[in-house]
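Me: I am new to reading protein structures, and I would like to work through one of them slowly. Could we look at the ligand and at the pockets, step by step?

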Amino acid sequence: MLIRFERPDDADAIHALTWTAFEPAPFSNNTEAQIVRDLRTSGDLTISLVAEEGGEIIGHVAFSPITIGDIEDGWFGLGPISVKPERQRQGIGRALILKGLGLLRECDATGCALIGNPAVYRGVGFESDGKLTYGDLDTRYVQRIVFKGSPPSGVLKFSPAFDE
Ligand SMILES: CC(C)(COP(=O)(O)OP(=O)(O)OC[C@H]1O[C@@H](n2cnc3c(N)ncnc32)[C@H](O)[C@@H]1OP(=O)(O)O)[C@@H](O)C(=O)NCCC(=O)NCCS
């Protein structure tokens with residue numbers, strides 16, 4: 001399996017993969033595939049990585065700028081992330097996340113945050129201390145990994161692509 005940056009001709013495969021991965025999820029409103037497209041169009045798709053095997057894209061992760069309260073620089077959001085259903089729970093998501101976090105560190109980012117199931121993300125270092133909020137969502141689902149400085153407090157806001 002190869003993890004690499006997306007190429008322009010990957011867009012449709014990423015869209016199909018994201019749709020297929022989220023379609024059965026009870027928490028999803030099936031907007032994730034369009035969110036990836038909109039992030040790309042708006043220039044907010046800071047990092048877009050694919051997992052490729054035998055020429056097929058079997059995983060994808062997006063990272064985009066976020067704000068936390070008054071903090072407007074240095075933080076990035078992880079997601080959407082998708083792994084082909086038949087290939088889930090085989091370490092592909094973890095490999096995509098670790099590669100992306102490594103790239104963010106290399107770019108001197110301050111940290112990365114996400115909304116998601118703690119069981120998926122705690123193994124790669126994401127945590128919640130209750131100080132990062134997202135509407136009235138239980139803060140256990142609002143997680144972050146701090147690369148440098150102190151843990152942030154405040155309201156997490158994603159790129160406009162996530163608002164639609
Ligand atoms: C979530 C997703 C990207 C994880 O990718 P994956 O390749 O299946 O995950 P990995 O095999 O790399 O496992 C990473 C960790 O997540 C855990 N995990 C994976 N799927 C899980 C699930 N459905 N429920 C609970 N934990 C899960 C693994 O146990 C592992 O934990 P560890 O690091 O403590 O060992 C993938 O399952 C997926 O595409 N799901 C559908 C779309 C989705 O839900 N996206 C995320 C929305 S927050």
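Predicted model: local features only at pLDDT ≥ 70, side-chain atom pairs only at ≥ 80, totals over all residues.

Me: Which residues come nearest to the ligand?
Reply: The shell around the ligand holds 20 residues, and by class these are ten nonpolar, eight polar and two charged. Helices α1, α3 and α4 and strand β5 each supply at least two residues of this shell. The residues that come nearest are V83, R89, G91, G93 and R94.

Me: Which residue has a backbone N or O atom 3.0 Å from a nitrogen atom of the ligand?
Reply: Polar contacts are pairs of N or O atoms within 3.5 Å, and with that limit in mind we can go through several pairs. The side chain of Q88 has an N or O atom 3.3 Å from an oxygen atom of the ligand, while a backbone N or O atom of V120 lies 3.5 Å from a ligand oxygen. The pair at 3.0 Å, with a nitrogen atom of the ligand, involves the backbone of I81.

Me: How much of the ligand's exposed area does the protein bury?
Reply: We begin with the ligand taken alone, which exposes 900 Å². Of that area, the share that the protein buries is 73%.

Me: Which element gives the most residues to the lining of the largest pocket?
Reply: This lining has 38 residues, and F22, F27, I81, G116 and Y121 lie nearest the centre of the pocket. By class, the lining is made of 21 nonpolar, twelve polar and five charged residues. Among the elements that supply at least two residues each are α2 (32–42) and β6 (111–115), but the most, six residues, come from β5.

Me: How many charged residues line the second largest pocket?
Reply: The second largest pocket holds about 160 Å³ of space, and 14 residues line it, with A13, L17, E56, I57 and K84 nearest its centre. Helix α1 provides the largest share of this lining, four residues, and strand β3 (56–65) also supplies at least two. Sorted by class, the lining has five nonpolar and two polar residues, and the number of charged residues is seven.

Terms used:
Residues numbered from 1 in each chain as written. Heavy atoms only, no water. Near = heavy atom within 4 Å. Polar contact = N/O pair within 3.5 Å; in protein donor to acceptor, adjacent residues only side chain to side chain. Areas by Shrake-Rupley, 256 points an atom, 1.4 Å probe, with all protein chains shown as cover. Nonpolar A, V, L, I, M, F, W, Y, C, P; charged D, E, K, R; others polar. 1 Å grid on protein atoms, 1.4 Å probe; cavity = no way out; pocket = protein on both sides within 12 Å on 5 of 7 lines; lining within 4 Å. Points joined across faces, edges and corners; volume = space filled by probe spheres on them.
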